[in-house]
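This report looks at aromatic rings and nonpolar cores. Please view the sequence and the structure before reading on.

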Amino acid sequence: MPASVRTSSPSCAASSRSACSRASPPRRHPPPLLPRLLRPGLRRVGADRQSERRRRGPQRRRPVAVGGRHRPDQQGEAAVDGDPQCTNRVSCADILAMAARDVVSLVGGPFYPVELGRLDGKVSTRAIVKYSLPGPTFNLDQLNSLFAANGLTQTDMIALSGAHTIGVSHCDKFIRRLYQFRGPQEFTPRMNLQFLRQMRQVCPLKYSPSTVAMLDASTPFKFDNAFYQNLQQLEGLLASDQILFADRRSRGTVNWFASNQTAFFDAFVSAMTKLGRVGVKTGGDGELRRVCTTVN
């Protein structure tokens, strides 16, 4: 572990948690967690989905309004940056890692220490993010390959996938699991017939691009192990989720997490800690971004 990574600053961590707890609870759709949990690691290797090598002059990081109807992780970012002891002293990756941890905890998941001290990457490209996040049609080999590239095991991958107990997905990410289309068909794991009919009502063939479905319809606003129980019932929305149960090589871990929430939480915290140590930037390799959506 690089010496630059340290335990979270009590003041900055408290600011994040306080702001996240004050955030307006989601009324229609819970915020998708998995991309936000993975994104700090991507930022540390230079990725950011919102910008491509844009440059700006010196300025204070632009805060997101606290108290408005923003995502809790956005409020945590604004609160940390608004603390005089933390302003432009904590990297964007660290701020997002703390806020993501706080959101997990506030919706029923485990609270765990976040190691801080990383720097942000100096290069920012959308392409890196596109090819660094798991695709909705990935099979087990593809998932394992992607996570193994960051030093994560299959168990780590399955535990992190459990973050899909919170969040939504747009129809285009799973529409081919609902209908037959012309041309070559990608393999897709079986789906519960009743669940299939429900999803066809949510996403008809002529669906609106803004239409979404819950990734975990049974407990959409709670971080728990229901995601794995859904997979056992063949009610995984994304093919890349349902494959975890369909493939015999990963089914045992899904069954274990489905029957033991404590085991899932412990594995999740372990995987998050390992993920937080991926691609840590030190010295001249990184920077503290003044604006989180662009390099300095």
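## Around phenylalanine 257

Setting aside neighbours within four places in sequence, phenylalanine 257 is in contact with Thr155, Ile158, Ala159, Asn225, Tyr228, Ala263, Phe264 and Ala267. Contact here means heavy atoms within 4.5 Å.

The model is predicted: local features need pLDDT of at least 70, side-chain atom pairs count only at pLDDT 80 or more, and totals for chains, interfaces and linings use all residues. Residues are numbered from 1 along each chain as its sequence is written, and side-chain values use heavy atoms, with hydrogens and water left out.

## Aromatic pairs

The whole structure holds 10 aromatic pairs. Rings of Phe, Tyr and Trp (its six-membered ring) pair if their centres lie within 6.5 Å; planes under 30 degrees apart are stacked, over 60 edge-to-face, and the rest tilted. Phenylalanine 223 and phenylalanine 264 make a stacked pair, 5.7 Å centre to centre with 10 degrees between the planes. This pair links distant parts of the chain, 41 residues apart: phenylalanine 223 is in the loop between strand 4 (212–214) and helix 9 (226–232), and phenylalanine 264 is in helix 12 (residues 261–275). Helices (H or I, at least four residues) and strands (E, at least two) are DSSP runs, numbered from the N terminus.

Phenylalanine 264 is buried, because its relative accessible area is 0%, where buried means under 20%, exposed over 50% and partly exposed in between (1.4 Å probe, protein chains only). Tyrosine 228 and phenylalanine 264 have ring centres 5.0 Å apart and planes at 70 degrees, so their pair is edge-to-face. Tyrosine 228 lies in helix 9 and phenylalanine 264 in helix 12, so this pair ties together parts 36 residues apart in sequence. One aromatic cluster is formed by Tyr112, Phe223, Phe227, Tyr228, Phe257, Phe264, Phe265 and Phe268.

## Nonpolar cores

A nonpolar core is a set of buried Ala, Val, Leu, Ile, Met, Phe, Trp, Tyr and Cys residues joined through side-chain atoms within 4.5 Å. The largest has 39 residues, of which Leu160, Phe223, Tyr228, Leu244, Phe257 and Phe268 touch the most other members. Several helices each supply at least two residues of this core, among them helix 4 (92–106), helix 6 (140–148) and helix 11 (248–259). Helix 12 gives the most, with eight residues.

A second, separate core has 14 residues, including Phe174, Ile175, Tyr179 and Met191.
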